[in-house]
Amino acid sequence: MRYDISGMRSNDSLICWRSGIIPLLARLKDALAFESQAQYGVEADLPPEVLAEHAVSTRHAHKFMLMQLQVLKFCLDFLDSGLCVENASKSSVRQEVAEAKQEWKKLKAEYQQQVESIKKDVPQLLLKLEQARNRAQLLEEALQRYRDKKLEMEEKARSAQKRQQKEQDALFEQRRRLEERMAELQGSLQAQREELQQLRRELEEEEHQAWTWQEEVQRISDFRSLLETLQGVRLLSESKSDLEFELISLAQPGAATPHALKLRLHWRDDGSVMLQSDSPFFPPSLVLPEGTCGNIRAIVLELQNSYFQQAQLLAEIELLHSCFAIDWQQEKRILSYLKPSSTCNLYVEPGYPASGGISLCSVKVQHGTVDATSYKPPQERPSLRDWLEYLSAVDFNAPFLA
């Protein structure tokens with residue numbers, strides 16, 4: 001009875017051991033399969049550092065599994081030597097134990113192969129790991145150089161950007177100055193153009209003025225030529241629009257110096273000529289009417305001819321004017337002699353004193369008029385002086401003359 005109970009306990013232990021070892025062997029098989037796949041399939045896709053770390057971890061796992069397998073081997077040996085012999089009556093259990101041993105041996109052989117393979121691959125992996133580390137070091141150095149170069153290039157880029165910004169600012173400032181200078185030059189050019197236009201207008205005016213002066217010079221030259229050909233004309237002054245000269249008559253009988261008449265010609269803007277005389281007995285309007293236009297040569301000749309015809313008469317009248325109160329009316333050729341109580345009018349015929357005579361035309365007194373035909377100087381051809389001396393001695397208000 002005791003034997004049976006022990007046999008039952010041994011059977012129960014085998015069953016428990018079997019139920020525990022089968023999953024463990026399945027897990028070991030799966031791990032070896034995964035390891036094989038990782039070695040031959042995934043190794044090419046992972047970097048050396050990962051593979052090296054995985055190899056080290058795998059070796060630790062294999063050592064741990066080896067320790068478990070040794071414990072398992074001890075258990076199997078123990079069972080094989082003890083309980084398994086006693087309970088070997090059942091062929092199924094022995095068969096399963098044999099299969100487990102075979103499986104164990106197979107796994108152990110595969111494990112040994114994997115360990116050998118790992119032992120062979122570990123130096124290569126370590127070499128590759130060292131190479132990878134060297135390459136990583138080289139890459140790190142290259143990366144550091146790249147970073148340094150990048151920093152240097154960034155610094156150069158910033159410097160270049162700053163320099164470019166400064167150059168752009170300088171160019172902008174230069175452009176602004178050029179635009180200001182261009183605007184200034186354009187303004188100056190416009191001012192120069194306006195000044196040029198003004199100078200052209202002034203030049204035209206100066207040319208016109210020069211042309212006017214040329215005409216004036218020509219006129220004065222003609223007048224000088226005229227004066228050179230004439231006798232009895234003396235030029236006193238000349239300007240653009242005025243000409244002052246003096247007409248000199250021939251020496252008069254009884255006069256120490258020849259008589260002279262000062263005249264002034266003024267040209268207006270419309271081309272007309274105005275005559276001014278310094279003698280009250282030579283009225284300009286009778287000789288040269290207002291608004292007369294003509295050549296200077298013709299005007300001077302006309303004035304000279306008119307003056308020479310009257311020069312002796314004018315000289316005599318001016319001389320008598322200082323002694324008698326007389327008034328000469330050139331247009332009527334009447335000489336009025338003013339006495340305190342009467343006025344005598346003498347008619348001077350044209351041509352006097354060479355050919356014309358003098359006659360008393362009227363006498364006005366306070367109470368009326370006097371018959372002028374009965375009065376005459378004793379001389380056969382009395383002169384103006386003879387008439388004035390005679391009339392000054394006659395009293396027209398005497399009773400016997402009434």
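**A tour of charged pairs and cysteines**

Begin by selecting R181, which is partly exposed in this predicted model, its relative accessible area being 43%.

Next, select R175 together with E179, a pair joined by a salt bridge whose closest N and O atoms are 3.3 Å apart. These two residues also lie in helix α4, which covers residues 91-229, and they are four residues apart, about one turn of the helix. R175 counts as exposed, at 54% relative accessibility, while E179 counts as partly exposed, at 44%.

Now move to E180 and R176, which form a salt bridge with their closest N and O atoms 2.5 Å apart. Because E180 and R176 are four residues apart in helix α4, about one helical turn separates them. E180 is partly exposed at 45% relative accessibility, and R176 is partly exposed as well, with a relative accessible area of 32%.

Finally, turn to the cysteines: how many disulfides does the structure hold? It holds zero. Select C361, which is in no disulfide, and then C344, whose sulfur is the nearest cysteine sulfur to it, at 9.5 Å. C361 counts as partly exposed, at 41% relative accessibility, whereas C323 is exposed, with a relative accessible area of 52%.

Key:
Residues are numbered from 1 along each chain as its sequence is written. This is a predicted model: local features need pLDDT of at least 70, side-chain atom pairs count only at pLDDT 80 or more; totals for chains, interfaces and linings use all residues. Side-chain values use heavy atoms; hydrogens and water are left out. A disulfide is a pair of cysteine sulfur atoms within 2.5 Å. Buried means under 20% relative accessible area, exposed over 50%, partly exposed in between (1.4 Å probe, protein chains only). A salt bridge is a side-chain nitrogen of Lys or Arg within 4 Å of a carboxyl oxygen of Asp or Glu.
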